[in-house]
Amino acid sequence: MTQDFSKVIIALDTPDENKALGLVRLLKNRIRVFKVGLELFCSAGPAVIKKINAEGCRVFLDLKFHDIPNTVAGAARAAVRSGAFMFNVHASGGREMMQKAREAAERAFIEKENHPERPKILAVTVLTSLDDRDLREMNITESSAGQAVRLAKLALAAGMDGVVTSPGEIEAIRNAVGKDFLIVTPGVRPPWAGTGDQKRVATPKEALKAGADYIVIGRPVTAAPDPLAALERIFV
Ligand SMILES: O=C(O)c1cc(=O)[nH]c(=O)n1[C@@H]1O[C@H](COP(=O)(O)O)[C@@H](O)[C@H]1O
C-alpha cells in the first residue's frame with residue numbers, strides 16, 4: 001500500500017551535519033520537510049538550512065525562541081532570512097513577544113527578494129515531555145491540556161500561524177481556534193517504539209486522525225538501523 005508521508009516531518013537531531021544530510025538524501029523521496037533543532041543548528045550553523053533546501057526539501061527551524069520581545073524579533077528576522085519554511089517560539093514568552101516576532105518576520109519577508117512565501121511561525125504550547133505533575137512543580141495548577149488550549153488561543157490572538165502541541169489536545173485546540181490554524185504534533189510514537197523522554201504521546205496514526213496538520217518524528221526513524229524501513233512502518 002502506498003502511504004502518504006506528506007504530513008510527516010523528520011527531526012534531524014544529531015550534531016553531525018553529514019549524517020543529517022545523509023538522512024535527507026535517504027528519505028527525501030517520501031519526506032518534504034525536515035526539522036533542524038538546537039543540536040544540529042549549534043553544531044552545523046545556519047548553512048545547513050540552505051544545504052537541505054538544495055536537496056529540494058523544506059526546513060522547520062526549531063529553535064524555540066523565548067526571550068524579551070526585542071531579542072525574539074531580531075531572531076525572527078534572521079530566521080526569515082535563513083531560508084526556513086517554518087520556525088517556532090515559546091507561547092509562554094507572552095503575547096507581546098509573539099506579536100513582535102510576527103511583525104519582524106513580516107518586515108523581513110517584504111525586504112527579502114525571491115522568497116515565495118513568509119515562513120510560518122508556530123508557538124510551542126506545553127512541551128510534550130511535560131505532564132501535569134511537572135506543571136504543578138512549576139506552580140501551574142491547570143492541566144497540561146487546559147494550559148495548551150489557553151496558550152494556543154493566546155498564540156492565535158498574537159498572530160501566530162499555528163502551534164506545536166502534543167497529540168492529546170489536538171481536538172480541543174482545533175475546536176478553540178478553528179481550521180486555518182496549523183497544528184504540528186511531536187510526541188508521536190508508533191506502537192513498536194519506546195517513548196524515551198516524551199510523556200504526552202500517541203501514535204502517528206492517532207495524531208493524524210485527531211487532525212494534526214503535521215506530525216514530527218525523530219528517534220524512532222533516525223536512530224533505527226534502517227531509517228527508510230522504519231519510516232515505512234510508522235503508520236502500522
Ligand atoms: O518544537 C518541537 O519540535 C518540539 C516540541 C515539543 O513539545 N516536543 C518535542 O519533542 N519537540 C521536538 O520534536 C522532536 C521529537 O523527536 P523524537 O522524540 O525523537 O521523536 C524533537 O526534535 C523535539 O525537539
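1. Asp67 is placed in the loop between β3 and α4 (69–81); helices (H or I, at least four residues) and strands (E, at least two) are DSSP runs numbered from the N terminus. Asp67 is partly exposed because 14 C-beta neighbours lie inside 10 Å. The classes rest on C-beta atoms placed from the backbone: a residue is buried with 20 or more others within 10 Å of its own, exposed with 12 or fewer, and partly exposed in between. Leaving aside residues up to four places away in sequence, Asp67 touches Val72 and Gly93; contact requires C-beta atoms, placed from the backbone, within 7 Å.

2. On provenance, this is a predicted model, in which local features need pLDDT of at least 70 and side-chain atom pairs count only at pLDDT 80 or more, while totals for chains, interfaces and linings use all residues. Residues are numbered from 1 along each chain as its sequence is written.

3. The unreviewed UniProt entry carries an "active site" annotation covering Asp62, Lys64 and Asp67. UniProt positions follow the numbering used here, feature names are shortened, and annotations may be inferred rather than shown by experiment. Asp62 lies in strand β3 (residues 58–65). Asp62 is buried, as 25 other C-beta atoms lie within 10 Å, whereas Asp67 is partly exposed. Beyond residues up to four places away in sequence, Asp62 touches Lys35, Val36, Gly37 and Asn88.

4. Eight strands close into a barrel with parallel pairing, in the order β1-β2-β3-β4-β5-β6-β7-β8. Neighbouring strands of this sheet are turned by 25° against each other on average, direction ignored. Two strands count as paired if DSSP finds at least two bridges between them. Strand β1 (residues 8–11) also pairs with strand β8 (residues 214–217), in parallel and through three bridges; here Val8 has Ile215 as its bridge partner.

5. Strands β1 and β2 (residues 33–36) are parallel and share three bridges, with Lys35 of β2 as the bridge partner of Ala11. Four bridges then join β2 to β3, again in parallel, and Lys35 has Phe60 as its partner in β3. Helix α1 (residues 17–27) forms a right-handed β-α-β unit with β1 and β2; right-handed means that, with the strands pointing away from the viewer, the path from the first strand over the helix to the second runs clockwise. Helix α3 (residues 47–54) lies across β2 and β3 and runs at about 155° to β3. Axes are lines fitted to C-alpha atoms, for helices over the stretch in contact, and angles run from 0 to 180 degrees between N-to-C directions.

6. Strand β4 (residues 86–90) is largely enclosed by the rest of the structure, because five of its five residues are buried. Met86, Asn88 and His90 point one way from β4, while Phe87 and Val89 point the other way. Three bridges pair β3 with β4 in the parallel sense, Phe65 standing opposite Val89. With α4, these two strands make a right-handed β-α-β unit. On β4 there are also five bridges to the parallel strand β5 (residues 120–124), where Val124 stands opposite His90.

7. The axes of α4 and helix α5 (residues 95–111) come within 8 Å and cross at roughly 35°. Contacts include Pro69, Val72 and Ala73 of α4, and Glu96, Met97 and Lys100 of α5. The axes of helix α7 (residues 144–157) and helix α8 (residues 170–177) come within 9 Å and cross at roughly 35°. Residues that meet here include Ala145 and Leu156 in α7, and Ala172 and Val177 in α8.

How values were computed
Two residues are in contact if their C-beta atoms, placed from the backbone, lie within 7 Å.
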